Structures are given as structure tokens and as C-alpha cells.
Amino acid sequence: MNFAVRKGGLAIALVALAGCIGPMTTREAQDIAHARLTKYCNGRCGALTLAHTQQLKNRWLVDFEAPRQKFTVIVENDGNAKVTTWDK
């Protein structure tokens, strides 16, 4: 019985982990990008507006606009993100 319990627990853990490994959705990419940009700006960028999101192979490009700047946040499928800034 102990073996059966461990086997069942392992099966449940694998199913739960499979949900984490799945492809990133648009909404997840936008949430990661917004959080990264908010940390990057630290309250100095003004109001941020989501402008555009697109997927390129294994990464997402999420564009935002602020009163004086435009931002693109590159979000990798592993959750890492990088901010690029342009003046208007």
C-alpha cells in the first residue's frame, strides 16, 4: 500500500507540473511585462498604457506607451524580461 500511495502522489505531482510547463499565454506575458516595467520605472514614467503584444518564436514583445516614452518588454517563455525604451 505504501508503494501505491507514493505512485499516486507522483502521478499528481507530474500532472501539476505539466500545467506549469505549458506555453505562455498572451495574458501571462502581459502580466510579466507590466510587472517588470513597473519595477523598471519605479514611479517615474507616468501612466502606462498597453499598446500591442505579439509572439515571435519563443518570446513575446509587449509594447507600452507613457507620456514621454515608448517601451518594449521582451518576455522569454521562462519568465525572464528585458525593457527597451524609446523617447517620443
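A: Helices and strands are DSSP runs numbered from the N terminus, where a helix is a run of H or I with at least four residues and a strand is a run of E with at least two. The model is predicted, so local features need pLDDT of at least 70 and side-chain atom pairs count only at pLDDT 80 or more, while totals for chains, interfaces and linings use all residues. Residues are numbered from 1 along each chain as its sequence is written, and side-chain values use heavy atoms, with hydrogens and water left out.

Strands pair if DSSP finds at least two bridges between them. Strand β1 (residues 49–56) and strand β2 (residues 59–65) run antiparallel and are joined by 7 bridges.

A contact means heavy atoms within 4.5 Å. Neighbours within four places in sequence are left aside; A51 then has D63, F64 and E65 in contact. A51 and D63 are 12 residues apart in sequence, yet their C-alpha atoms are 5.3 Å apart in space. A residue is buried under 20% relative accessible area, exposed over 50% and partly exposed in between, using a 1.4 Å probe and protein chains only. A51 has a relative accessible area of 45%, so A51 is partly exposed.

With neighbours within four places again left aside, T53 is in contact with T26, Q30, W60, L61 and V62. A polar contact is a pair of N or O atoms within 3.5 Å; within protein, one must be able to donate a hydrogen and the other to accept it, and residues adjacent in sequence count only if both atoms are side-chain atoms. The side chains of T53 and Q30 make such a contact at 2.9 Å. R27, in helix α2 (residues 26–41), is 26 residues from T53 along the chain, with 9.5 Å between their C-alpha atoms. R27 is exposed, because its relative accessible area is 54%.

Rings of Phe, Tyr and Trp (its six-membered ring) pair if their centres lie within 6.5 Å, and planes under 30 degrees apart count as stacked, over 60 as edge-to-face and the rest as tilted. The count by this rule is 1 aromatic pair. The pair is Y40 with F71, edge-to-face, at 6.4 Å centre to centre and 75° between the planes. Y40 lies in helix α2 and F71 in strand β3 (residues 69–76), so parts 31 residues apart in sequence are tied together by the pair. Y40 is partly exposed at 38% relative accessibility, whereas F71 is buried at 1%.

The structure also holds 1 disulfide, a term for two cysteine sulfur atoms within 2.5 Å. C41 and C45 are joined, S to S 2.0 Å, and the link is left-handed, with -95° about the S-S bond. C41 is buried at 4% relative accessible area, and C45 is buried at 13%.

As for the whole chain, the elements are 2 helices and 4 strands, in the order α-α-β-β-β-β from the N terminus. Of the 88 residues, 20% are buried.
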